[in-house]
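Dear colleague,

I am handing over the structure below, followed by a short account of what was found in it. Please read the account with the structure open beside you.

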Amino acid sequence: MVRAIAILIGAGFVAVLSWALFWSVEGLITEPPAATAVAEFHLHPKEVALASNGLLGTYDNRQLQRGLQVYKEVCSNCHSLKHVAFRDLTQIGYSAAQVKKFAADWGTKAKQFDPKSGDTTERPNTPADYFPTVYYPGQGNPPDLSLITKARHDGPAYVYSLLTGYGEPPAAMLKKYPDAKTPDGLYFNQYFATLNLAMPPPLAQDGQVTYLDGTKPTVKQMSADVSAFLAWAAEPNLPTRHGYGLAVLAFLAFFTLLTYGAYKNIWRDIKH
Amino acid sequence: MSFPWAKHYAPSNGFTKWIDERLPLPRLVYGAVGAGYPVPRNLNYFWNFGVLAGAALGIQIITGIVLAMHYAANGGVAFDSVEHIMRDVNAGWFLRYAHANGASMFFIVVYIHIFRGLFYGSYKAPREMIWLLGVTIFLLMMATAFMGYVLPWGQMSFWGAQVITGFFSAIPVVGETIRIWLLGGFAPDDAALNRFFSLHYLLPFVIAGVIILHIWALHIPGSNNPTGVDVKGEQDTVPFHPYYTAKDGFGLGVFLFIFAALVFFAPNALGHPDNYIPANGLQTPAHIVPEWYFWPFYAILRAFTVDFLFIPAKLLGVLAMFGSILLLFFLPWLDSSPVRSSNYRPLYRIFFWLLVADIAVLGWCGGSPAEPIYVILSQICAAYYFAHFLIILPIVSRMERPQPLPNSITEAVLAKKGGTSPAHTALSGSPVPAE
Ligand code: HEM
């Protein structure tokens, strides 16, 4: 009885699915999915050599400091970094005194509410404050950058590719897909999911910042530096994690060997 | 408890005797997972996965309780509180990565455990109750993992909750009302987040309770084994402790090694990047996909693309998706073959491996965007899935001619390994003297 009912229900599911399959195949034949400019011209991130790449990756503090400078002088005009506190900057090689000064000098001041007068006043940032909110009046919504490298596939490489990936739409593309013309106010970038984004090329020419350590500030260099910095901002514990990871795996390998020895020893006389 | 030759607990000193007379808990443990539980001597490594599933649950509960001390279930701060755990709580990143990857490890282990049961016929008489409780645990796990994934309140959390609770709106007439009632609003928000947190904290303990029943039911007939042949005598078994505690210890080592490799070196490999974007009800992600362990079922859901007679496609998809799991409850009665182990079932064995491949393809389709080619593959594979359990299995178990079974476990072992006459007990000459 159970089996007879089951076979009936099974036949029902198979029938419905065959019916759906028929229409899917029919649809595929009569209306094959149209080729799109995005499918053809969107590019995967290009590789960028960062110290944090790979299973044993760690951070290069000098590069992170340069990246912080790019963030401060360029990106922070539009993008916030709200999960990072000024105090966290001690992790990338600054002293407590340097961080204190850096926070106090930050352009956007901290807001403070005075309960006596009901007014909102401003005070300089302290190391305990987080990077302040950024209000952006232009077109588009610049996302907060504190997690951006984890919120995109292949994050650091993606940010690098995006920053160095602006250009003119290829003539071949416009010929084949006239509708793919970049709309007014947007910028063409083959690494962006829809090929056009609202962010104007933020790093357009060499020398946009002046590095204190003498590194040559080419567009590629600045892009790599800020990508490295954002990778740190998203995952500050990476070096600790990799360090502990090695120790834990070494211990577990040893532990597993011991348990294997115990297992074989206990079972040595038993055929199984 | 199960076999007459099972060893009995004997308190060794005054204190344990005192305990035993008042609360015989040590006796219970001794009989359940100690020397008092005789287990077939021929179990292979696939029998490690039950204990590993228990370990995975333990890890989820411990990491989860500590996470809950720092997490805040409120739409305005949930995402930030998880980031606070990641950045500011001592070893918070470790707890959170261990919990998130622990869920994946839990499902890997449980899937292997389930396929073990399918291959060796562990769901058949007299073990039906163990199987029914197992399927119940699987359902509870899915509910727990789904609600846990909502808690970090990222884009996939929010839209996953939206899609899954949307299933209920497929119910005719009252569906939308039920959905709103379940969510406590028109869309996932504080009310939903809070009740999901409450249930996410509760269900693992319900799972722990059902696991106790699962093991209790197991101890009535005792463990199945790779031959599927019943235990005939003392020579067929060894005591759980130290034999299988030692073997499980080794299995646990391998499990922890793989788990740690994930947590420390690839903690986001199994997650979706979109969940690092805070929930935003106004912006739908390009592709809404659940966690990998739900992909096969998600593919079945999406395979139903056209209405059938008067039934809307969405309702069919939801029915099929739940049906694909619920049909497991009927498995013991769908398969009428008296032979348990697929090692002796030449025909069923082929279909078993086809099913494994079928589910793998379903998983691949479920994780891919809903493009025509994946939809077509899902439709073929979903049809095979239902056909396997509901049509092929009942018919194959009728017509198949099984290969000859060994007379006993010991005979099978000795035939494979060579050696002395089967009359010897498994334990002769071993460090633990047989009684
Ligand atoms: C059956 C066992 C369990 C499973 C399968 C499970 C699964 C999950 C999953 C998939 C997540 C989302 C992870 C992420 O992407 O962040 C999560 C989060 C969470 N779980 Fe669990 N969990 C279990 C047990 C528990 C228990 C027992 C507790 C508390 C007592 C707990 C507390 C939490 C908390 C506070 C979060 C949010 C923090 C976070 O997102 O990391 N879990 N769980």
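This is a predicted model: local features need pLDDT of at least 70, side-chain atom pairs count only at pLDDT 80 or more; totals for chains, interfaces and linings use all residues.

**Helix pairs and a capped helix**

Another pair lies within chain B, where the axes of helix α3 (residues 49-68) and helix α5 (residues 92-120) come within 9 Å and cross at roughly 160 degrees. By the cut-off of 145 degrees, α3(B) and α5(B) are therefore also roughly antiparallel to each other, and the crossing of α3(B) and α5(B) is left-handed. The residues that meet include B:Phe49, B:Leu52, B:Ala56 and B:Gln60 in α3(B), and B:Leu95, B:Arg96, B:His99 and B:Phe106 in α5(B). By class, the contact of α3(B) with α5(B) has 14 nonpolar, seven polar and one charged residues.

Lastly, helix α16 of chain B (residues 409-417) has as its buried residues B:Ile409, B:Thr410, B:Ala412, B:Val413 and B:Leu414, and the buried residues of α16(B) pack against β1 (38-40) of chain B. The N-terminal end of α16(B) is capped by B:Ser408, with a side-chain oxygen that lies 3.4 Å from the backbone nitrogen of B:Thr410.

Notes: Residues are numbered from 1 along each chain as its sequence is written. Chains are lettered from A and ligands numbered from 1 in the order in which they are written. Side-chain values use heavy atoms; hydrogens and water are left out. Buried means under 20% relative accessible area, exposed over 50%, partly exposed in between (1.4 Å probe, protein chains only). Helices (H or I, at least four residues) and strands (E, at least two) are DSSP runs, numbered from the N terminus. Contact means heavy atoms within 4.5 Å. A polar contact is a pair of N or O atoms within 3.5 Å; within protein, one must be able to donate a hydrogen and the other to accept it, and residues adjacent in sequence count only if both atoms are side-chain atoms. Axes are lines fitted to C-alpha atoms, for helices over the stretch in contact, and angles run from 0 to 180 degrees between N-to-C directions. Angles under 35 degrees count as roughly parallel, over 145 as roughly antiparallel, 65 to 115 as roughly perpendicular and the rest as oblique. A crossing is left-handed if the near helix is turned anticlockwise from the far one by less than a right angle, and right-handed if clockwise. Ala, Val, Leu, Ile, Met, Phe, Trp, Tyr, Cys and Pro count as nonpolar, Asp, Glu, Lys and Arg as charged, and the others, Gly among them, as polar.
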